[in-house]
Amino acid sequence: TNMLQMDGHSRYAVVRRCENLSHVALAASISSRLASVDIVGGVKFYYDGVRSFQVMDDLLGGSHIIDKDYYLINDATYSNNLQNNLLTPNRRVVEGDRFGYDYRISSLSAMLFGRASWRYKSGGVGISLATSTEGVCRRGFYEKELFSGAGSLGRSSTIKMLPYHIAASWDHGIYNHRVGASFMVRGSAPESEDMFLQSEYNNRIVSNLSLAHTVAGEASYRYFIAKRLALSATLFASYSADGCDMLHYFDDLSSQYVDCVVSGVDRFTGGVEVKASIEWSRYLSSLFMATALASRYTDSARVLLYSDASNAHLATTISNIEGCRTGTPEISVYGDISFRHSGWMAQIAGYYVGGRHAAPSYVRRTERVLNSTSSALQRQKLMFQQRFDDTFGIDISLSKWFSFNDIS
């Protein structure tokens with residue numbers, strides 16, 4: 001098809017999406033011992049930058065394409081705003097050229113942290129605190145015609161967040177028994193790509209951004225017999241609130257591409273894990289593990305739809321995800337037996353994973369979509385969450401380690 005085009009313009013091409021990552025961190029800390037308490041504190045500064053762009057990889061027999069937004073050519077409203085970059089309009093793109101989009105998302109943070117731990121004869125207690133200030137911004141290197149000027153080119157406004165983390169732990173041993181508990185509270189900033197309606201070519205920041213808050217805790221028991229046997233059981237639970245997500249898709253109800261902001265995503269996970277490590281002999285050992293948990297969305301989520309071509313607000317609706325499973329396997333079992341001697345290792349392992357469900361679709365479960373159904377059966381199908389088949393597996397491995405010593 002490309003070779004039949006009279007002007008050499010490719011109708012089909014292979015493109016490559018690229019990301020150049022940069023990370024710089026500077027930290028300073030001080031430690032001290034007061035009585036029997038060890039204290040560590042400090043400050044950390046770090047910068048993260050991701051430069052994202054698109055490269056023409058293969059024109060498949062053609063000679064070039066024009067750097068335009070071909071998704072908009074047949075759009076009745078926006079077909080006159082096709083330029084991907086007004087700085088070089090109608091540029092011919094050949095293999096190896098950047099085109100389409102080019103932007104960087106940068107994050108600059110300063111963190112204060114501190115840890116204190118106290119060890120006594122049979123155990124210990126620890127607590128850690130961290131608070132930081134974080135600024136995120138987008139810089140566009142192309143001027144998208146749909147969002148000309150500062151709408152796509154140059155720096156966006158800076159998004160300022162105040163993440164935090166608080167954790168505490170305790171453990172205590174009595175002969176061959178050991179018990180412990182830990183607790184954590186944190187507030188996390190959203191992923192940087194989820195802070196913009198369309199990070200590839202739009203400086204528009206999502207409204208009402210907030211931290212995602214998580215509370216988690218666990219209690220554990222362990223039993224040891226020298227190095228021959230180690231048994232453990234752990235109860236764990238976590239609750240996260242105010243999560244967010246960003247989706248991009250073609251919306252059938254409005255007949256246009258949309259940017260979908262999902263907020264207020266709340267989840268609860270709780271369960272138990274048991275583990276046994278056994279030394280049968282000098283060369284023969286086994287590990288057995290099993291986990292059972294329940295992981296559910298605990299409330300409906302808020303969904304806002306914006307036109308991808310104009311940033312116009314299209315709809316606000318609710319996604320009925322309450323009670324849906326999160327997609328995390330609810331049951332997993334693992335066991336192996338290993339032989340090690342003279343650098344040789346042979347192992348046979350078996351595993352089972354069950355209770356896996358497809359991640360629920362925010363969009364299908366919105367009242368906006370459900371109200372468009374013509375029957376109760378259609379609504380039921382949209383609300384259905386698929387369970388995947390259980391998985392069984394056996395792994396067999398054989399390896400040999402070699403040691404090369406310097407004998408000079």
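Modeller: Two strands pair if DSSP finds at least two bridges between them. The model discussed here is predicted.

Biologist: How many bridges join strand E9 to strand E10?

Modeller: Strand E9 covers residues 164-174 and strand E10 covers residues 177-188. The two strands run antiparallel, and His172 has Val179 in E10 as its bridge partner. The number of bridges that join E9 to E10 is 11.

Biologist: Which residue takes a positive phi in the hairpin of E9 and E10?

Modeller: Most residues other than glycine have a negative phi. This hairpin has 2 residues between the strands. The positive phi, near 55 degrees, is that of Tyr175.

Biologist: Which residue in E11 stands opposite Gly187?

Modeller: Strand E11 spans residues 212-225 and runs antiparallel to E10. The two strands are joined by 12 bridges. Opposite Gly187 stands His213.

Biologist: Is Asn208 buried or exposed?

Modeller: Asn208 is placed in the loop between E10 and E11. Its phi is positive, near 55 degrees, in a residue other than glycine. Exposed means over 50% relative accessible area; because Asn208 has 72%, it counts as exposed.

Biologist: What is the relative accessible area of Ser342?

Modeller: Ser342 lies in the loop between strand E17 (331-341) and strand E18 (344-354). Although Ser342 is not a glycine, it has a positive phi of about 55 degrees. Ser342 is exposed, and its relative accessible area is 53%.

Biologist: Which side chain makes a polar contact with the side chain of Arg51?

Modeller: Arg51 lies in strand E2, residues 37-58. Buried means under 20% relative accessible area, so Arg51, at 18%, is buried. Among the residues that Arg51 touches beyond four places in sequence are Glu19, Asp102 and Phe141. The polar contact, at 2.7 Å, is with the side chain of Asp102.

Biologist: What is the angle between the planes of Trp118 and Tyr120?

Modeller: By the pairing rule the count comes to 7 aromatic pairs. Trp118 and Tyr120 form one that is tilted, 5.2 Å centre to centre. Trp118 is partly exposed at 37% relative accessibility, and Tyr120 is partly exposed at 26%. The angle between the planes is 45 degrees.

Biologist: How many residues apart are Phe147 and Tyr201?

Modeller: Phe147 and Tyr201 form a stacked pair, 6.4 Å centre to centre with 15 degrees between the planes. Both residues of the pair, Phe147 and Tyr201, are buried. Phe147 is in the loop between strand E6 (123-140) and strand E7 (154-155), whereas Tyr201 is in the loop between E10 and E11. The pair links distant parts of the chain, the residues being 54 apart.

Methods
Residues numbered from 1 in each chain as written. Predicted model: local features only at pLDDT ≥ 70, side-chain atom pairs only at ≥ 80, totals over all residues. Heavy atoms only, no water. Helix = DSSP H or I, 4+ residues; strand = E, 2+ residues; numbered from the N terminus. Buried < 20%, exposed > 50% of the residue type's maximum accessible area, 1.4 Å probe, protein only. Polar contact = N/O pair within 3.5 Å; in protein donor to acceptor, adjacent residues only side chain to side chain. Contact = heavy atoms within 4.5 Å. Phe/Tyr/Trp six-rings, centres within 6.5 Å; stacked < 30°, edge-to-face > 60°.
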